[in-house]
Amino acid sequence: MSALGPRPTEPEAWQRWVREAAGLLVRRPGAFLGYTAAVAAALLAAHLVAWGAMRALLTLLVVTVGLVLFVRLALVADYNRDARPLYVVPGNLDSAVAITVAAGLFAVFGALSPALFSPLAVSLEGALTGLGLYEPRLETGAPAAPPMRALLIGPIFVAGGAWGTATLGAATALLAFGQWFLLPMVALHGAQPGMAMLMSVRAYAANPPAMTGLVGVLLVAVAVVVLSLGWLAVLLLPFFGGLLYTAYRDVFLARAHNHPPGAPVYTEAERLDGLDGPA
C-alpha cells in the first residue's frame with residue numbers, strides 16, 4: 001500500500017465509488033442493518049445524556065467509530081466473508097484514531113457553536129413553536145423544558161437533527177481537511193496515523209476532480225437528512241463507510257470494482273497458508 005501510494009483516477013471515479021459502495025450494502029443488507037441498529041442504539045444512549053457538551057462529544061465519537069466499523073464491514077462484504085464481530089468491530093489502533101478524529105470534530109463544533117449551532121437551535125425551537133409542537137412556557141407561566149426534554153419532540157426531531165448534523169459534519173470535515181482516506185488506511189492496514197494523514201493529502205493532489213465530485217454526494221446527503229428530519233442519517237453512516245472503503249481501494253489499492261458475489265475471496269497470504277475456509 002505505502003509502496004504504491006495514491007494513484008490518479010479518472011474525474012468520474014467518484015460516481016463509481018458511490019455505485020460500488022451501494023453494491024456492497026445491497027450484497028449484505030442483513031449485516032449492514034444489524035450493525036446499523038447497534039450504532040443507532042449507541043447514538044440513542046448518547047442522546048440521553050443531559051449535559052449538552054458531553055452529549056455532542058459522545059455523538060461525534062459514536063459517529064466516527066461507526067464510520068470505521070462500516071469501513072471494516074465493507075471489506076468483509078467485498079471479500080464475501082462472514083460479518084463476525086472479530087473482523088468488524090474496530091481494533092485498538094483504529095478506535096484510538098477515531099477518538100482523536102471525534103475530539104477534533106468536537107473542537108470544530110465548539111468553535112462554530114456560537115455562530116452556527118446555537119442560532120440553529122433557536123431556529124429549531126421557533127419552528128417547533130410555530131408548528132404548535134412546542135410551547136416555551138407552561139400554563140403556569142413558568143419556562144418549559146427545552147425541546148430536547150419535551151415528549152416526542154426530543155427523541156424525534158432533535159435527535160434526528162443531531163445525528164444528521166454529526167454524520168454530515170464528520171464526512172464533511174474529513175473531506176475538507178484532506179483526510180478522506182485516513183480512517184480506511186488505518187483500519188484496514190494499520191498504517192501509522194501521521195503517515196496516513198500525509199498520504200491522504202497526497203491522494204487529493206493526484207485526484208482533484210474525483211475528490212471534488214464527493215462534494216455533490218454530500219449535498220445530496222444534506223437533502224436526504226433534511227427531508228427525513230434527520231432519521232435517515234443513521235442509514236447514511238453505512239453508506240459513507242462503504243464510500244470511504246471503495247474510494248480508498250481504488251486510489252491506493254488499484255482495484256476499482258467489488259469482487260463478484262459468491263464464494264469467499266482469499267488473500268495471497270491465506271492461499272500461501274493453504275486455508276480451506278473463510279477467515
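This report describes the fold, the nonpolar core and a few individual residues of the structure shown above.

The model is predicted, so that local features need pLDDT of at least 70 and side-chain atom pairs count only at pLDDT 80 or more, while totals for chains, interfaces and linings use all residues. Residues are numbered from 1 along each chain as its sequence is written, and side-chain values use heavy atoms, with hydrogens and water left out.

**Overall fold**

The protein has 11 helices and 0 strands, where helices (H or I, at least four residues) and strands (E, at least two) are DSSP runs numbered from the N terminus. Of its 279 residues, 44% are buried; buried stands for under 20% relative accessible area, exposed for over 50%, and partly exposed for what lies in between, with a 1.4 Å probe and protein chains only. The accessible surface comes to about 13300 Å², and carbon and sulfur atoms account for 71% of that surface; such areas come from the Shrake-Rupley method with a 1.4 Å probe, and for residues only the protein chains shown count as cover. Among contacts (heavy atoms within 4.5 Å) between residues at least 6 apart in sequence, 73% join residues at least 24 apart.

**The core and helix 10**

The largest nonpolar core holds 70 residues, and those with the most contacts inside it are W17, W180, F181, F240 and L243. Helix 10 gives the most to this core, with 13 residues. Such a core is a set of buried Ala, Val, Leu, Ile, Met, Phe, Trp, Tyr and Cys residues joined through side-chain atoms within 4.5 Å. Leaving aside its neighbours within four places in sequence, F181 is in contact with residues including S200, M211, A247 and F252.

T246 also lies in helix 10, and T246 is buried, with a relative accessible area of 1%. Although T246 and E20 are 226 residues apart in sequence, their C-alpha atoms are 6.6 Å apart in space. Beyond its neighbours within four places in sequence, T246 is in contact with W17, E20, A21, L24 and N258. A polar atom of the T246 side chain lies 3.0 Å from the backbone oxygen of W17.

**Loop residues with positive phi**

Most residues other than glycine have a negative phi. The two residues below are not glycine, yet each has a positive phi.

R255 lies in the loop between helix 10 (233-253) and helix 11 (268-273). The side chains of R255 and H259 are joined by a polar contact of 3.5 Å; a polar contact is a pair of N or O atoms within 3.5 Å, and within protein one must be able to donate a hydrogen and the other to accept it, with residues adjacent in sequence counting only if both atoms are side-chain atoms. Apart from its neighbours within four places in sequence, R255 is in contact with D78, Y79, Y245, R249 and D250.

**A nonpolar surface patch**

L33, L232 and L235 form a nonpolar patch on the surface, with about 260 Å² of accessible area together. Patches are made of residues with over 30% relative accessible area and no salt bridge, with like charges joined within 9 Å and nonpolar side chains (Val, Leu, Ile, Met, Phe, Trp, Tyr) within 5 Å; a salt bridge is a side-chain nitrogen of Lys or Arg within 4 Å of a carboxyl oxygen of Asp or Glu. L33 lies in helix 2 (residues 29-47) and counts as exposed, at 54% relative accessibility.
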